[in-house]
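Here's a quick tour for anyone meeting this structure for the first time. Have a look at the sequence and the 3D view, then read on.

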Amino acid sequence: MTEQPLPGGFVGAAVRVGGTVRKAAPPDAPFVGRLLGFFAERGWPGAPRWLGVDERGRQVLGFVEGDVPGGDAAAPVGDDALAAVARLVRAFHDLTAGSALAGDQEVVCHHDLSPANTVFRAGMPVAFIDWDLAGPGLRVQDVAHVCWQFVPLGPGVAPAEAGRRVRVVARAYGWGDLAVLVDTVLWWQDRCWRGIEAGADAGVPAMVRLREAGVVSRVRAAYEWTGRHRRSLG
Ligand SMILES: Nc1ncnc2c1ncn2[C@@H]1O[C@H](COP(=O)(O)OP(=O)(O)O)[C@@H](O)[C@H]1O
Ligand SMILES: [Mg+2]
């Protein structure tokens, strides 16, 4: 069967093969396999099926029909869809809370929630893809990542409007502490640009490509923007 390149990621080189997606195996493939298997077992439709590893060592996932926004020209996610994203996050957090997969943490986090990792149908989110970085974590880590990526938070956004949309996310998820939420956005933005920088300095090809594409300076600018406007946001 032919392999059709999928646009998007800098990391995994995803291709579509019939009803499946193949991409480089995640750092902890057994964990991702168990997690996606757990979602399927519970009948939660918000993630692709895990179909194993192919003869070339790539992960094999079920293709999820719908639209995945890509590129800078992608339309902003409206308030209704934004609230639905937060509820979808709440759903898999509640499902994994107290499970063995969450280990000693609150829940299993996706850790990379963004429009480019979300499948939409008729403008509403139906599933998250790219669970490569999923692992035990705190609820607020994913809620903060959603705020950063979907509101979004960074230069060019009006702070008061951004604050209003942060509250849309918090209300839909059921997260009360806005100060902790904004602090966690800052924690993400800071560790993100530092992580890419360190990886690029160490010669990791994907991190070098990200830095060449200007991601380190963009994320660093977003970090500084969020810090400057934290009072309007929280
Ligand atoms: N299970 C899936 N169903 C539908 N499309 C997918 C699926 N997995 C990946 N894609 C498409 O491939 C692109 C890259 O996949 P992703 O898992 O996000 O890789 P990366 O790690 O490179 O970001 C996505 O933006 C999406 O368009
Ligand atoms: Mg991705």
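How many residues lie between β7 and β8 in their hairpin, and which residue in the turn has a positive phi? Two residues lie between these strands, and Ala122 is the one in the turn with a positive phi, at about 50°.

Before going further, a word on the ground rules. This is a predicted model, where local features need pLDDT of at least 70, side-chain atom pairs count only at pLDDT 80 or more, and totals for chains, interfaces and linings use all residues. Residues are numbered from 1 along each chain as its sequence is written, chains are lettered from A and ligands numbered from 1 in the order in which they are written, and side-chain values use heavy atoms, with hydrogens and water left out.

**Domains**

- The chain splits into domain 1 (4-62) and domain 2 (79-233), with bounds that come from an automatic or database domain assignment.
- Their C-alpha centres sit 21 Å apart.
- Where they meet, 19 residues of domain 1 are in contact with 22 residues of domain 2; contact here means heavy atoms within 4.5 Å.

**The five-stranded sheet**

- Five strands make an open sheet in the order β1-β2-β3-β5-β4, with antiparallel pairing. Strands (E, at least two residues) and helices (H or I, at least four) are DSSP runs, numbered from the N terminus, and two strands pair if DSSP finds at least two bridges between them.
- At the edges are β1 (4-5) and β4 (50-53), each of which pairs on one side only.
- β1 is joined to β2 (residues 15-17) by two bridges, with Gln4 standing opposite Arg16 of β2.
- Next, β2 pairs with β3 over three bridges, again antiparallel, and Val17 has Thr20 of β3 as its bridge partner.
- The hairpin of β2 and β3 has two residues between the strands, and Gly18 takes a positive phi near 60°.
- β3 (residues 20-23) and β5 are linked by four bridges in the antiparallel sense. Val21 stands opposite Leu61 of β5, while Arg22 has Val60 of β5 as its bridge partner.
- β4 and β5 share three antiparallel bridges, and Val53 stands opposite Gln59 of β5.
- This pair also forms a hairpin, with five residues between the strands and a positive phi of about 80° at Gly57 in the turn.

**Covered on both faces**

- In a regular strand the side chains alternate between the two faces of the sheet.
- In β3, Thr20 and Arg22 lie on one side and Val21 and Lys23 on the other, and all are buried. Buried means under 20% relative accessible area, exposed means over 50%, and partly exposed is in between (1.4 Å probe, protein chains only).
- In β5 (residues 59-62), Gln59 and Leu61 point one way and Val60 and Gly62 the other, and all are buried too.

**The β7-β8 pair**

- Four bridges hold β7 (residues 118-121) to β8 (residues 124-128), and the two run antiparallel.
- Phe120 has Pro125 of β8 as its bridge partner.

**The nonpolar core**

- The largest nonpolar core has 57 residues, and Phe39, Trp131, Leu153 and Leu181 have the most contacts inside it. Such a core is a set of buried Ala, Val, Leu, Ile, Met, Phe, Trp, Tyr and Cys residues joined through side-chain atoms within 4.5 Å.
- The elements giving two or more residues to this core are α1 (29-41), α2 (79-96), α3 (139-150), α4 (159-173), α5 (178-201) and α7 (215-228).
- α2 gives the most, with eight residues.
- Domain 1 and domain 2 both give residues to this core, so it lies between them.
- Not counting residues up to four places away in sequence, Leu181 touches Val140, Val143, Ala144, Cys147, Val166, Ala170 and Trp175.

**Two residues to look up**

- Thr226 is found in helix α7 and is buried, with a relative accessible area of 0%.
- Leaving aside neighbours within four places in sequence, Thr226 is in contact with Leu153, Val182, Val185, Leu186, Gln189 and Leu233.
- Ala97 is in the loop between α2 and β6 (107-109) and counts as partly exposed, at 31% relative accessibility.
- With neighbours within four places in sequence left aside, Ala97 is in contact with Glu106, Val107 and Arg139.
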